[in-house]
Amino acid sequence: MGNKYTWIVVLALVAIAAYVTLRFAMGLDARWVSLPLWIALGAGGVLLLLDVAAKVWQLDFGADLLALGSVVSAAALGQYLAGTLVVLMYAGGAALEGFAVRQATSGLQALARRMPSSAHRRRAGRIEEVSIDALRPDDVVEVYPGEACPVDGTVVEGNGWMDEAYLTGEPFRISKAPGASVFSGAINGPSALSVRATRLAEDSRYARIMRVMHESEQHRPHLRRLGDQLAAWYTPLVIVWAAVAWWFSGDPERFLAVLVVATPCPLLIGIPVAILGAISAAARRSIIIKNPASLEQLGKCRTIIFDKTGTLTYGEPVLTEQQCQPGFEPQHVLTLAATLERYSKHPLARTILGAADAAGIVLHDALEVCEPAGAGLSGKVDGHRVVITGRKQLASVTSGDADSMQLPAEASGLECVVVVDGQTAALYRFRDEPRSEGASFIGHLRPKHKFQRSLLVSGDREAEVRELAERVGITETYGRQSPEEKVAIVRRETKRARTVFVGDGINDAPAIAAATVGIAFGRSNEVTTAAADAIVLDTSLARVDELLHIA
C-alpha cells in the first residue's frame with residue numbers, strides 16, 4: 001500500500017521540478033511545459049479516484065473526497081500545477097503513514113505457520129507421511145524433535161518435554177511421559193514421542209483458537225479516522241460554498257479556487273506526521289504501534305478489559321503454605337508431588353518444582369501419568385499412587401469421606417491437595433502476587449483516561465479472580481472463561497462502548513482481535529502480537545499507562 005503512494009510522491013515532485021525547469025529555464029511552449037504535470041495529475045488522480053470510490057461505496061465521505069474534487073476541477077480548467085500540488089499533499093500523507101508502520105503478518109497467517117501440514121502416522125509397523133486432515137482418533141503419530149504436535153492426544157511411547165507457551169502463555173517446558181496429554185501446536189523437545197490422537201485435527205484446541213481468531217478478525221470494529229470525521233461535515237459545506245462562489249461570479253475558476261484553498265492539506269499530511277511522532281515516542285518507551293488508527297481510538301475507549309495471569313499479576317505463583325496431615329513428612333510429600341508435576345501442564349507445576357529444587361530434593365521417574373481435564377494429575381511414584389487435585393474433586397480420589405473434613409477452611413488464592421495412596425497427605429497454598437503498580441494503575445484509569453468500567457476476565461477459578469480484583473480495585477469479574485467466552489464478553493461490551501483488551505497469552509489473541517483496541521502485554525508470541533494493535537514489550541503496567549497518555 002505504501003509503495004504506490006511513494007511512487008506518486010516521487011512522480012509529483014519530479015513533475016513539478018520539470019515544469020519549473022521547462023517554463024522558467026528553457027521557455028518552451030505551454031503545451032510541453034504542462035506535459036509532466038499531466039502525467040502526475042493523471043496517475044495521482046486515478047489512484048485518488050479509486051480510493052475515494054471505495055469509501056463512497058461504503059458511505060464514508062472523508063477529506064480525500066474534497067481533494068478529488070480539487071484534482072478533477074483543476075484538470076478540467078487546465079490548472080495542472082494546482083492539481084498536482086493537491087495530489088502531492090494527498091499521496092505524501094498516505095506515504096508517510098505507510099512508512100510509519102511496518103506491515104505485520106496477520107493473526108491467521110501466524111497461527112497457520114505454527115502447524116505442520118503433514119504428520120508421521122505409524123501403521124502396521126511403518127511410518128507414513130499423511131496430511132493432518134487424514135488423521136483420525138486412535139491413530140498413532142510420531143512427533144520428531146523440534147516439530148509441532150499435529151493433534152491433541154496422549155503420549156504412548158517416549159519421554160521428553162514440550163513447549164506449550166504458544167497455547168498457554170506460560171514460558172516453561174512441560175515433561176511428557178506415557179499417559180501425559182499433549183495439545184496440537186505444542187513444540188516438541190529433543191526426544192521423539194509417539195502420540196495417540198484423541199480427536200480430529202479440525203477439532204483440536206489449536207484449530208478452535210484459530211477459528212475464533214478468524215471470527216474475531218471478521219468482526220473487528222471499523223475504526224474511523226479523526227480527519228474523516230471532521231471532513232464528514234466540512235466537505236459538503238465547502239462544496240456548497242464553492243458552488244455559490246461560481247454562481248455569483250460566473251467564473252468556474254472561483255469554484256476551483258475555493259476547493260483548492262479549502263482542501264485540508266494540513267489534515268491530509270499533518271495527521272500522518274503527528275501519528276509518526278506518536279509512534280516514535282512510543283517506540284522509545286518499548287511500545288510498538290501496529291495500527292495507527294488505534295492511537296485515535298484509545299482516547300475514546302470507555303471500557304478496559306484485563307486478562308489476569310501475567311497481565312495484572314507477575315504470572316509466577318509462590319508456594320506459601322505446606323500443611324501436611326499427621327503421618328506424612330513434608331519433605332517426602334514434596335518429593336512425590338514434584339516428581340509427578342514434572343509431567344504436568346498446569347501453571348502451578350513450575351512453582352512446586354521450584355520449591356523442590358530450593359529444598360535440594362532429587363526427583364524420580366513417574367509411571368502411568370494421567371491428567372484428564374478438570375480431574376487433576378495422577379501417577380505412580382516410588383510405588384505410591386499419587387494424585388494432585390482440587391478440594392472439590394477430593395472425595396472421588398480418597399479412601400475415606402473423613403479425609404476431606406480434615407482440611408482447613410478454603411481461603412483466597414490458589415491451592416491444591418496431594419493425595420498419597422488414597423489418603424489426604426497435604427494441602428499446598430499459593431499466591432500469584434499482583435503487580436506492585438496494579439492498584440495505582442487501575443485507580444488512575446477513570447480520572448486521567450476517562451474509563452468508566454474496568455473488567456477482569458480470566459480462565460482461572462472465580463475465587464482467585466475476585467480476590468485479585470479486590471486487591472487492585474476492579475469490581476466486575478468473570479472467572480473460568482474459555483477463549484470463546486472471552487470473545488463473547490468483549491463483543492458484548494464493545495456494542496455498549498469502545499473497548500480496550502490487555503492480555504499476554506495466545507488464548508487471549510481472539511479477544512485482543514475482537515476489541516476496539518487490542519494491547520499485547522509483555523514479550524508475547526507472534527500469534528498474540530499479530531492480533532494486537534499495540535505491543536507493550538516491557539512487562540509493566542506503567543508502560544500501558546504511557547501508551548494511553550501518548551494516544
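Is Arg429 buried or exposed, and what is its relative accessible area? Arg429 is buried, with a relative accessible area of 11%, where buried means under 20%, exposed over 50%, and partly exposed in between, using a 1.4 Å probe and protein chains only.

Before I go on, please keep in mind that this is a predicted model, in which local features need pLDDT of at least 70, side-chain atom pairs count only at pLDDT 80 or more, and totals for chains, interfaces and linings use all residues. Residues are numbered from 1 along each chain as its sequence is written, and side-chain values use heavy atoms, with hydrogens and water left out.

Let me stay with Arg429, whose side chain meets that of Glu321 in a salt bridge (3.7 Å, N to O), a term that stands for a side-chain nitrogen of Lys or Arg within 4 Å of a carboxyl oxygen of Asp or Glu. Arg429 lies in strand S17 and Glu321 in strand S12, so the pair ties together parts that are 108 residues apart in sequence; helices (H or I, at least four residues) and strands (E, at least two) are DSSP runs, numbered from the N terminus. Glu321 is partly exposed, at 31% relative accessible area.

In a second salt bridge, the side chains of Lys486 and Asp508 meet at 2.8 Å, N to O. Here Lys486 belongs to helix H17 (residues 483-496), while Asp508 sits in the loop between strand S20 (499-503) and helix H18 (509-514), 22 residues apart. Lys486 is buried, at 2% relative accessible area, and Asp508 is buried too, at 1%.

Strands S12 and S17 come up again when we turn to helix H14, because the buried residues of H14 pack against strand S12 (318-324), helix H13 (330-341), strand S16 (414-420) and strand S17 (423-431), contact being heavy atoms within 4.5 Å. The buried residues of H14 (residues 348-358) are Leu348, Ala349, Thr351, Ile352, Ala355 and Ala356. They cover an arc of only 165 degrees around the axis, which puts them on the same side of H14, the arc being that of the directions from the helix axis to the C-beta atoms. The face turned away from this buried side carries the exposed residues Asp357 and Ala358, and just after H14, Gly360 takes a positive phi of about 70 degrees.

Finally, the largest nonpolar core has 33 residues, of which Phe306, Leu312, Val500 and Leu547 touch the most other members. Such a core is a set of buried Ala, Val, Leu, Ile, Met, Phe, Trp, Tyr and Cys residues joined through side-chain atoms within 4.5 Å.
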